[in-house]
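Visitor: I would like to learn how to read a model like this one. Please take me through it feature by feature.

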Amino acid sequence: MGRRYRRLVSDVRCFGCGALVADVGGPVHAYMLAAPGCWAVYGALLEWRVSLVGPEGVTTSQQMIDAYAAQHATNDDRRNRQSVAVHLMSLCASLERGIPGIRLRHLIGTWTHRDYPSLLPLPAAYEVTVRDVAAAAPEARAEAVLAWAGASWSAWSGHQNQVRRWLDHALAAEGRRPGG
Ligand SMILES: [Zn+2]
């Protein structure tokens, strides 16, 4: 019977991360396509993100960017393929190698100078999405971001070895750079 009393704004599942978000119009990222309602949830978190300071804060901030990008492999555009690849490399570096966000910010810029293939098949689902992070209380949010990052990385288990090879190659190249 409740169906007669429809909510004014219905929900839609984001075709990137699968989060249930408001079915609204609005801006989206240029190539990292998402439901506008999903992009809006992420955008609303940015105010909290700028409050993240210090080495741990920067790591959390980077994990946010990486997790969102890794969950929005939504088209075959070269920039989207590159975004998914380098942000998965960054998640791997952060979660498995303990490389701090401050260093990753610098490194990612050096990883984008090449073309990356599409990683197919895509993950079927993500256990934690941007919605869970938005729903967390501010004091619990950094922990929610870590869970989001972990869920994003583990969902790509079928491609983790490929990502680790890219990361190893990139870190070795960084080590050979004069003064690097
Ligand atoms: Zn989404």
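**Reading the model**

Guide: Leu46 is exposed, because it has 10 other C-beta atoms within 10 Å. The cut-offs: buried means 20 or more other C-beta atoms within 10 Å of the residue's own, exposed means 12 or fewer, and partly exposed is in between; C-beta atoms are placed from the backbone. This is a predicted model: local features need pLDDT of at least 70, side-chain atom pairs count only at pLDDT 80 or more, and totals for chains, interfaces and linings use all residues. Residues are numbered from 1 along each chain as its sequence is written.

Visitor: Where does Leu46 lie?

Guide: Leu46 lies in helix α1, residues 36–50. Helices (H or I, at least four residues) and strands (E, at least two) are DSSP runs, numbered from the N terminus. Leu46 is 18 residues from Met64 in sequence, and 9.6 Å from it in space, C-alpha to C-alpha.

Visitor: Is Ser10 buried or exposed?

Guide: Ser10 is exposed, with 9 other C-beta atoms within 10 Å. Ser10 sits in the segment before β1 (11–13).

Visitor: How many helices and strands does the protein chain have?

Guide: The protein chain has 7 helices and 2 strands. Its radius of gyration is 17 Å, close to the 16 Å that the globule rule gives for 180 residues, so it is as compact as a globular protein of that length. The radius is taken over C-alpha atoms; the rule is 2.2 Å times the number of residues to the power 0.38. From the N terminus on, the order is β-β-α-α-α-α-α-α-α.

Visitor: What should I look for in the core?

Guide: A nonpolar core is a set of buried Ala, Val, Leu, Ile, Met, Phe, Trp, Tyr and Cys residues joined through C-beta atoms within 7 Å. The largest one here has 41 residues; Cys38, Leu88, Met89, Cys92 and Val130 have the most contacts inside it. The largest share of this core, 8 residues, comes from α3.

Visitor: Which residues is Met89 in contact with, leaving aside its neighbours within four places in sequence?

Guide: Contact means C-beta atoms, placed from the backbone, within 7 Å. Met89 is then in contact with Trp111, Val163, Trp166, Leu167 and Ala170.

Visitor: What is the peptide bond from Leu120 to Pro121?

Guide: Most peptide bonds are trans. The bond from Leu120 to Pro121 is cis, with omega near 0°. Pro121 is in the loop between α4 (101–111) and α5 (130–135).

Methods: Two residues are in contact if their C-beta atoms, placed from the backbone, lie within 7 Å.
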